[in-house]
Amino acid sequence: MDELNELASHTLQQVKMRRILVAGELNADLILSGLPSLPILGRELIGTGFTMALGSSSAITAARLAALGAEEPDFAVDFVGVAGRDDIGRFVLAQLKHFGVHTDAVEIIDSPTGVTIALTYAQDRALLTYPGTIAMFDGSKITTAMLAKYTHLHVGSFFLQTGLQPQLASIFQQARRQGLTTSLDTGWDPMEAWMNNPWLVGVLAETDVFFPNENESAALAPDIPTLMRSLAGTLIVKRGKHGASAYMQDGSHIDIRDLINLLSTF
């Protein structure tokens, strides 16, 4: 627990989360479970479970942050992004509001909302995504006036947000100039360009806390020291059921076995 408190204290010093802006993609997850194998072309498989849930890295992060701060009177989480004028868009917005996330800055447009089909198995999952409105958010609504209301800015699913990528480094830079801290979760790169993405290096240089998982970290750089040199701040590598590992710019390193307990300390 001492190492847990140490990491929480260090992160809170960097990320003073009182009013958070989450900018990003919105989609629903259609989750199919109990499949006997991976899909096979020309054949039909029967699953044992199905549900529709709030999807997207950014939206799920916003919902979890709002839940963690629900008892704090001066804590708030707002979302800025794009959703379609359709049933899935309405479902996603209703889910965000249910979790206490403010959605006034979400633009509703006449295009289909994104959808991810998640095929879940005992050890992992496969994701199939139709981007829809995910690729249409360009961050133009994130102005200096908007940023002035917040203490932290988070963005998820960098690689899916092709409309936001070219502007994100300058948005993060402006946010930090205005005293905000920044955090990023890239997600998997469907193009598998990783560090060859033309916009990523500039974004990482303005990122205070970076959250890749183990596979993403390995794809981005051959080792942790190399990846750390790309960052402005802390690297937290998510390790699934094994928790997470945090690497600070002063060279210190902490392994956290229980990531849920870490998050609950915020």
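Modeller: Gladly! The expected span of a helix is 1.5 Å times one less than its number of residues. Keep in mind that this model is predicted.

Biologist: What should the 12 residues of helix α2 span?

Modeller: At 1.5 Å a residue, α2 (residues 57-68) should span 16 Å, and its end C-alpha atoms are 16 Å apart, so the two values agree. Helix α5 (residues 165-177) can be read in that way too: with 13 residues, α5 reaches 19 Å from its first C-alpha to its last, close to the 18 Å expected.

Biologist: Which residues of α2 are buried?

Modeller: Buried means under 20% relative accessible area. In α2 the buried residues are S58, A59, A62, A63, L65 and A66. Looking down the axis of α2, you find these buried residues within an arc of 165°, so they line one face of the helix. Their cover includes β1 (19-24), β3 (49-54), β4 (76-84), α3 (87-98) and β8.

Biologist: And what about α5: which residues are buried there?

Modeller: Q165, L168, I171, F172 and A175 are the buried residues of α5. Down the axis of α5 they fall within an arc of 100°, so here too the buried residues line one face of the helix. They pack against α4 (144-147), β8 (152-156), β9 (181-185) and α6 (200-204). Just after α5 comes G179, with a positive phi of about 95°.

Biologist: Now a single residue. Why does L220 count as buried?

Modeller: The cut-off for buried is under 20% relative accessible area. L220 has 6% relative accessibility, so it counts as buried. This residue lies in helix α7 (residues 214-220). Leaving aside residues up to four places away in sequence, L220 touches F159, W194, M195, L200, F210 and L227. By contrast, T143 is 77 residues from L220 along the chain, and their C-alpha atoms are separated by 30 Å.

Biologist: Let's finish with a pocket. What volume does the second largest pocket have, and which residues line it?

Modeller: Its volume is about 170 Å³. The lining is made of R19, D78, F79, H102, D104, A105, M146, K149 and Y150. By class, that gives 4 nonpolar, 1 polar and 4 charged residues.

Biologist: Which strand gives the most to that lining?

Modeller: That is β5, with 3 residues. Both β4 and β5 (102-109) supply at least two residues each.

Methods:
Residues are numbered from 1 along each chain as its sequence is written. This is a predicted model: local features need pLDDT of at least 70, side-chain atom pairs count only at pLDDT 80 or more; totals for chains, interfaces and linings use all residues. Side-chain values use heavy atoms; hydrogens and water are left out. Helices (H or I, at least four residues) and strands (E, at least two) are DSSP runs, numbered from the N terminus. Buried means under 20% relative accessible area, exposed over 50%, partly exposed in between (1.4 Å probe, protein chains only). The arc is that of the directions from the helix axis to the C-beta atoms. Contact means heavy atoms within 4.5 Å. On a 1 Å grid over the protein atoms alone, a cavity is a set of points where a 1.4 Å probe fits but cannot get out, and a pocket is an open set with protein on both sides within 12 Å along at least five of seven lines; lining residues have an atom within 4 Å of a point. Grid points are joined across faces, edges and corners, and a volume is the space filled by probe spheres set on the points. Ala, Val, Leu, Ile, Met, Phe, Trp, Tyr, Cys and Pro count as nonpolar, Asp, Glu, Lys and Arg as charged, and the others, Gly among them, as polar.
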